[in-house]
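Hello,

Here is the structure I promised to pass on. Please open it next to this message, and then read my notes below.

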Amino acid sequence: MKYLKYLLYAVLALVVIFFGKGLLTPSVSYDCETTVNKPADEAWAVMSDESKLAQWIEGYKRGEAVSGEPGTVGAISNVYVEENGEEMVMQETITSLEPNQRMAMTFTMDFMNMDYEISFEEKEGKTIIRSQSMVQGNGLVNQSFVSFFRSAMVEQEEKNLSSLKKLIEENTTDYFPEPEMDEVEEISEM
């Protein structure tokens, strides 16, 4: 009976710690950074290329527009990702956009919400890419889970940025083709 009493106290202590952490830390924030050996306009173009999202965002399956002009402030999309064999959907809303410099979004899911910003700063032909995330669990149980999984979220973002860096540096797509001579002559005739 004595051991049962101690076991009950231990379980109670774990429950208090779990929920207490969620109450004390209802949201977590983290920043990640990488530098790529490409100019900001090319880095931005690769990051924005919808056909390449699955190559750098782990688990990304597809996105579908819900409302607004895709790629503009106020646009809402459903983003489908796969995690542990299960497909999840997040609603993404673009909240701020400065092409080649920064984009901010909110992601809404059943269990948590995330404010996310990615920025590009060019220095001497290289581009510093920074991401800032703030995640909040919806409800006390999810807040507690989020507070315990901060390091896993940081690790995931670092992995995504590393994949983005590789994708940008190995890019062979010409996002800024020069107009052909026929096109230049037509423009000059106008």
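**The sheet, strand by strand**

β3 and β4 are antiparallel partners, joined by eight bridges. Across that pairing, Glu 82 faces Glu 87 of β4. The two strands form a hairpin, with two residues between them. In the turn, Asn 84 has a positive phi of about 55°. Please keep in mind that this is a predicted model.

The next pairing is β4 with β5. These strands run antiparallel and share seven bridges. Glu 98 has Arg 102 in β5 as its bridge partner. This hairpin has three residues between the strands. Asn 100 takes a positive phi here, near 70°.

β2 and β3 (residues 76–83) pair antiparallel over six bridges. Ser 67 sits opposite Ile 76 in β3.

β1 pairs with β7, again antiparallel, over ten bridges. There, Cys 32 is opposite Ser 131 in β7. Val 28, Tyr 30, Cys 32, Thr 34 and Val 36 make up the covered face. Ser 27, Ser 29, Asp 31, Glu 33 and Thr 35 make up the uncovered one.

Now put the strands together. They form an open sheet of seven, in the order β1-β7-β6-β5-β4-β3-β2, with antiparallel pairing. Why does one side of β1 and of β2 lack a neighbour in the sheet? β1 (27–36) and β2 (60–67) are at the edges and have a single partner strand each, so one side of each stays without a neighbour. From one strand to the next, the twist averages 25°.

**The whole chain**

The protein chain has six helices and seven strands. Starting at the N terminus, the elements run α-β-α-α-β-β-β-β-β-β-α-α-α. The chain has 190 residues, and 33% of them are buried. Take the contacts between residues at least 6 apart in sequence: 53% of these join residues at least 24 apart.

**Helices on the sheet and on each other**

The crossing is right-handed. Which residues meet there? From α2 come Glu 42, Ala 43, Val 46 and Met 47. From α5 come Leu 164, Leu 167 and Ile 168. By type, the residues of this contact are six nonpolar, no polar and one charged.

**Two loop residues to look at**

Start with Asn 171. Asn 171 is in the loop between α5 and α6 (181–189). Is Asn 171 buried or exposed? Its relative accessibility is 9%, so it counts as buried, the cut-off being under 20%. A polar atom of the Asn 171 side chain lies 3.0 Å from the backbone oxygen of Thr 173. Leaving aside neighbours within four places in sequence, Asn 171 is in contact with Lys 38, Glu 42, Val 46 and Lys 52. Two of these, Glu 42 and Val 46, also belong to the contact of α2 with α5.

Then look at Thr 72, in the loop between β2 and β3. Thr 72 has a relative accessible area of 30%, so it is partly exposed: that class lies between the 20% and 50% cut-offs. Its side chain reaches the backbone oxygen of Glu 69 at 2.5 Å. Which residues does Thr 72 contact, leaving aside its neighbours within four places in sequence? They are Ile 94 and Leu 97. Thr 72 and Met 103 are 31 residues apart along the chain, and their C-alpha atoms are separated by 9.7 Å.

Best wishes

Conventions: Residues numbered from 1 in each chain as written. Predicted model: local features only at pLDDT ≥ 70, side-chain atom pairs only at ≥ 80, totals over all residues. Heavy atoms only, no water. Left-handed = near helix turned anticlockwise from the far one by under 90°. Helix = DSSP H or I, 4+ residues; strand = E, 2+ residues; numbered from the N terminus. Contact = heavy atoms within 4.5 Å. Nonpolar A, V, L, I, M, F, W, Y, C, P; charged D, E, K, R; others polar. Pairing = 2+ DSSP bridges. Axes fitted to C-alpha atoms, helices over the stretch in contact; angles between N-to-C directions. Buried < 20%, exposed > 50% of the residue type's maximum accessible area, 1.4 Å probe, protein only. Polar contact = N/O pair within 3.5 Å; in protein donor to acceptor, adjacent residues only side chain to side chain.
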